[in-house]
Amino acid sequence: MLRTSPARLLAITLSSCCALAVPAPAGAEDTEPAVVVNGAFASPQVPVGQSWAYLAIDGWEGPGLLSAARAAHPQGHQAAFLATPDAAVPLSTRLRAVSAGATVTLSWDDNPDTCAAKGTAKRTYTVSVAGDANQPGGFATNEPTGRANWFVGRSYSFTAAEDAPKVVFTFDASNPNPGCQPSITNVAARQTASKAPPKGTADPCAGDAAGGSQCADVGAAKGEIAKCPATSRDCLSSVAGDGRQTNDGIAQQTTAVPDFGDIPRDESPDAAAQHLCPQSNALIDGLPPAYLVIPPKQWGQC
């Protein structure tokens, strides 16, 4: 029979209580996953019997893939190997559903690969993304051992300078034996959307625009209105005007509505012709007969 001492039960209870009391990181509630297409490099599959292959990687640009057996990642993923700076297509992807201004944290795992012999230097590479404020991140793999030696949980944070920012992994060509490239897999990302106000909500008289004639008048009027007692209509009218132009416009519209309603909607053809015939006759007076098909004077209604 399994026995548990009261002291052990108390320790478990206290540890559970304390674990529940740990606060969440600041801003964590605003962080959400960002889309990394094919982050585990599962597609396409390296052909059976091959440990690596130059393949077009779904969702990525890059040289090719290592098979799951060659990569020997703890979670069984395939991996992508990097490209040197002079390569035509370095390993890169775009983070979908990320908008400019969002803060992004990218994570991945890296491996010096089995081709890096034990005792050789760590394999170094950079991660870069567009944006003057985003400095490239430099990384070095674990010590080469002649077999898989994965570092799990690399990360690189940046502020997106564009929608769907492009992230590029580049192998440093100064590494010894640049033909033996490190590999990465298990790529993921999280983002926090920008807190910038929506476009079009900024004050039109803010900044340099405040010196414009219209904004200057508005600013002066605000100052004068502030000096008026709240109960003094004459003071307010002297600054803001009495609203005569607005009131006149409202009165015109009020009068126009019933006038429009009084217009008859039904009228006999003969009555309508009495309005049209004089205008038509005036327009064609003086024109030679050759220009007229049937002169209005010969219309039955005229």
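What percentage of the 302 residues of the protein count as buried? In this predicted model, the value is 27%, where buried means under 20% relative accessible area, exposed over 50% and partly exposed in between, with a 1.4 Å probe and protein chains only.

**Figure 1. Overview of the fold.** The protein has six helices and 11 strands; helices (H or I, at least four residues) and strands (E, at least two) are DSSP runs, numbered from the N terminus. Among contacts between residues at least 6 apart in sequence, 67% join residues at least 24 apart, a contact being heavy atoms within 4.5 Å. Residues are numbered from 1 along each chain as its sequence is written, and side-chain values use heavy atoms, with hydrogens and water left out. As the model is a prediction, local features need pLDDT of at least 70 and side-chain atom pairs count only at pLDDT 80 or more, while totals for chains, interfaces and linings use all residues.

**Figure 2. The largest nonpolar core.** This core has 30 residues, and Leu95, Trp108 and Phe169 have the most contacts inside it. A nonpolar core is a set of buried Ala, Val, Leu, Ile, Met, Phe, Trp, Tyr and Cys residues joined through side-chain atoms within 4.5 Å. Two or more residues come from each of β6 (103–111), β7 (124–129), β9 (151–159), β10 (166–171) and β11 (183–192). Beyond four places in sequence, Phe169 touches Trp60, Leu82, Pro90, Leu91, Leu106, Trp108, Tyr125, Thr126, Val127 and Ile184. A second, separate core of five residues includes Ala71, Ala79, Phe81 and Trp150.

Figure 3. Two strands pair if DSSP finds at least two bridges between them. β7 pairs with β8 (137–140) in the antiparallel sense over four bridges, and Tyr125 stands opposite Phe139 in β8. Five bridges join β7 to β10, also in an antiparallel arrangement; here Val127 stands opposite Phe169 in β10.

**Figure 4. Surroundings of Val129 and Asn134.** Val129 lies in strand β7 and counts as buried because its relative accessibility is 10%. With residues up to four places away in sequence set aside, Val129 touches Asn134, Tyr156, Phe158, Pro165, Lys166 and Val167. Val129 and Ser157 are 28 residues apart in sequence and 10.0 Å apart in space, C-alpha to C-alpha. Asn134 is placed in the loop between β7 and β8, and its relative accessible area of 11% makes Asn134 buried. Leaving aside neighbours within four places in sequence, Asn134 is in contact with Val129, Tyr156, Phe158 and Thr159.

**Figure 5. Pairing of β6 with β9 and β11.** β6 and β9 are paired in the antiparallel sense over eight bridges, and Ser107 stands opposite Ser155 in β9. The pairing of β6 and β11 is antiparallel, over eight bridges. In that pairing, Asn111 stands opposite Ser183 in β11.

Figure 6. Most residues other than glycine have a negative phi, and most peptide bonds are trans. A cis peptide bond joins Ser43 and Pro44, with omega about 0 degrees; Pro44 lies in the loop between β1 (31–34) and β2 (52–53). Ala72, in the loop between α2 (68–71) and β4 (79–81), has a positive phi near 50 degrees and counts as partly exposed because its relative accessibility is 40%. Asp113 lies in the loop between β6 and β7 and has a positive phi near 80 degrees. With a relative accessible area of 2%, Asp113 is buried.

**Figure 7. The largest pocket.** The volume of this pocket is about 180 Å³. On a 1 Å grid over the protein atoms alone, a pocket is an open set of points where a 1.4 Å probe fits, with protein on both sides within 12 Å along at least five of seven lines, and lining residues have an atom within 4 Å of a point. Grid points are joined across faces, edges and corners, and a volume is the space filled by probe spheres set on the points. The lining consists of Trp52, Tyr54, Pro63, Leu66, Arg70, Phe81, Asp113, Cys115, Gly179, Cys180 and Gln181. By class, seven lining residues are nonpolar, two polar and two charged; Ala, Val, Leu, Ile, Met, Phe, Trp, Tyr, Cys and Pro count as nonpolar, Asp, Glu, Lys and Arg as charged, and the others, Gly among them, as polar.
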